[in-house]
Amino acid sequence: MAASDRVIDAYLHELANALRWLPAAEREEFLGEISSHIEALRHDMGASRDDVAAIRKVLERVGEPVAIARAAAIATPRERSRFGPIELGSISLLALSSVLVGVGFFGFLDPGWIGTSLWCGGLLLAWFAPGWRLPDKVVGSLLAPFVFLLSVGLYEGAGWIGVWLVYGVALGMWFAALHFVWRQSTWPTRDKRIAAVLPALLGLTVVFGAWGLEMPQQGHGVAISEISWIALPLFAAAYLSVRCQLPSHSKHWHPDLVSVGG
Amino acid sequence: MLALHATMRSMVAPKDALVAQMRRGSLQYCVLALLARRELYAFELIQELAKADSLVTAEGTIYPLLSRLRREGAVETTWRESDQGPPRRYYRLSASGKTALTVFKNEWRQFRTAVDVVLEGKEHGCL
């Protein structure tokens, strides 16, 4: 390896270290671009591989690794959570209402009024939260009654299978949405975790629900109603957590929204 | 008296910092302006920028700026094969970048005129 190559390697190593806070893919992209730039500049300036002094001049033109890292820090949007306090409160209330209703199966609490009031509280917060647009608020509010009515209707027509069909499809759509969210590089890790906690809560409540079904004194009709109260607010919570988008995340490019660069 | 002197001295930014401050607000629009003329790959673009005095002090710092412009949709890119090495990413101005550049040009003219009026003590319309 020529001496100048070692100088370049040391430079790129220092740059990689200065950029270690960036996601690996972005860091690699920058390193590749800077590496190509050094090559092109070396060719342009006629710096031979043996001429270490000339290579140092090339690197001087490229800039101190710290300066490039600072420019990258300025140009990289800070990861701001899409969940503000009101959004978090709304989603938490909706999710909590399911869990408490599940607990209600065991007779510790009255599932009906607790579930309804927490669900209403969660939706009320959602309507005041800036993180959702009007269509999302409407869908989030109507989702639970719609799936409930659909499951009751299908129970009348197709029996027990029809009900589980509705819940299966709803669950599948939920997991597909969460999978989509998980693949989005623009979502901060914290937000992904918030959205991912919900399946765990759902699992918990389904267990409660299944347990409740086996209670000998309950007929199928009662069970459908109870299961709906448990699962439906969670569908609303999941939908709203996926759709949440605080206004600060606007993607529209406008000079006033641009911070600084270079 | 000593305090006043210290305050005055702190208001005078070093020349480099002063230029860096002015460059910070305008560099991205210079990039857009160059791309408005023709499609360029990064190295070409940076060499064009470097021709203008004080616009680029460290060429590597332009890459994060280009990355942001890409992310914000101000520029569009296309990969093309090159005879002299690996494929190159060519940059061109997008519709929203074009709008942003037009807005900046208008604002810049007014701002420049306003500063000149104050600095040179001239009346509006006399420049």
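Which helix of chain A holds both A:R42 and A:E39, and how many residues apart are they? Both lie in helix α2 of chain A, three residues apart, which is about one turn of the helix. Helices (H or I, at least four residues) and strands (E, at least two) are DSSP runs, numbered from the N terminus. The structure is a predicted model, in which local features need pLDDT of at least 70 and side-chain atom pairs count only at pLDDT 80 or more, while totals for chains, interfaces and linings use all residues. Residues are numbered from 1 along each chain as its sequence is written, chains are lettered from A and ligands numbered from 1 in the order in which they are written, and side-chain values use heavy atoms, with hydrogens and water left out.

The predictor's confidence in each residue is given as pLDDT, from 0 to 100. Chain A has a mean pLDDT of 74, with 68% of its residues at 70 or more. Among the elements of this chain, α3(A) has the highest mean pLDDT (93) and helix α9 (residues 189-213) the lowest (63). Across residues 248-262 of chain A the pLDDT is below 50, and this stretch has 34 contacts in the model beyond near neighbours in sequence; contact means heavy atoms within 4.5 Å.

A search of the whole structure finds 14 salt bridges over all chains, a salt bridge being a side-chain nitrogen of Lys or Arg within 4 Å of a carboxyl oxygen of Asp or Glu. A:D5 and A:R49 meet in one of them, with an N to O distance of 2.7 Å. A:D5 belongs to helix α1 (residues 3-18) and A:R49 to the loop between α2 and α3 of chain A, so the pair ties together parts that are 44 residues apart in sequence. A:D5 is buried at a relative accessible area of 19%, whereas A:R49 is partly exposed at 42%; buried means under 20% relative accessible area, exposed over 50%, and partly exposed in between (1.4 Å probe, protein chains only). In the salt bridge between A:R42 and A:E39, the closest N and O atoms are 3.0 Å apart. A:R42 is buried, with a relative accessible area of 5%, and A:E39 is partly exposed at 37%. In chain B, B:R68 and B:E72 form a salt bridge whose closest N and O atoms are 3.2 Å apart. B:R68 is buried at 2% relative accessibility, and B:E72 is partly exposed at 22%. Salt bridges that share partners join A:D5, A:E39, A:R42 and A:R49 into one network.

A:K137, in helix α7 (residues 134-158) of chain A, is buried yet has no salt bridge; the nearest side chain of opposite charge, A:E87, is 7.8 Å away. A polar atom of the A:K137 side chain lies 3.0 Å from the backbone oxygen of A:W127. Leaving aside neighbours within four places in sequence, A:K137 is in contact with A:A126, A:W127, A:A129 and A:W132.

The largest nonpolar core has 49 residues, of which A:Y11, A:I34, A:I38, B:V31, B:L32 and B:L49 touch the most other members. Such a core is a set of buried Ala, Val, Leu, Ile, Met, Phe, Trp, Tyr and Cys residues joined through side-chain atoms within 4.5 Å. Not counting residues up to four places away in sequence, A:I34 touches A:Y11, A:L12, A:L15, A:V62, A:I68, B:G60 and B:Y63. A second, separate core of 27 residues includes A:A129, A:A170, A:L232 and A:F235.

Methods
Lys and Arg count as positive and Asp and Glu as negative; His and the chain ends are not counted. A polar contact is a pair of N or O atoms within 3.5 Å; within protein, one must be able to donate a hydrogen and the other to accept it, and residues adjacent in sequence count only if both atoms are side-chain atoms.
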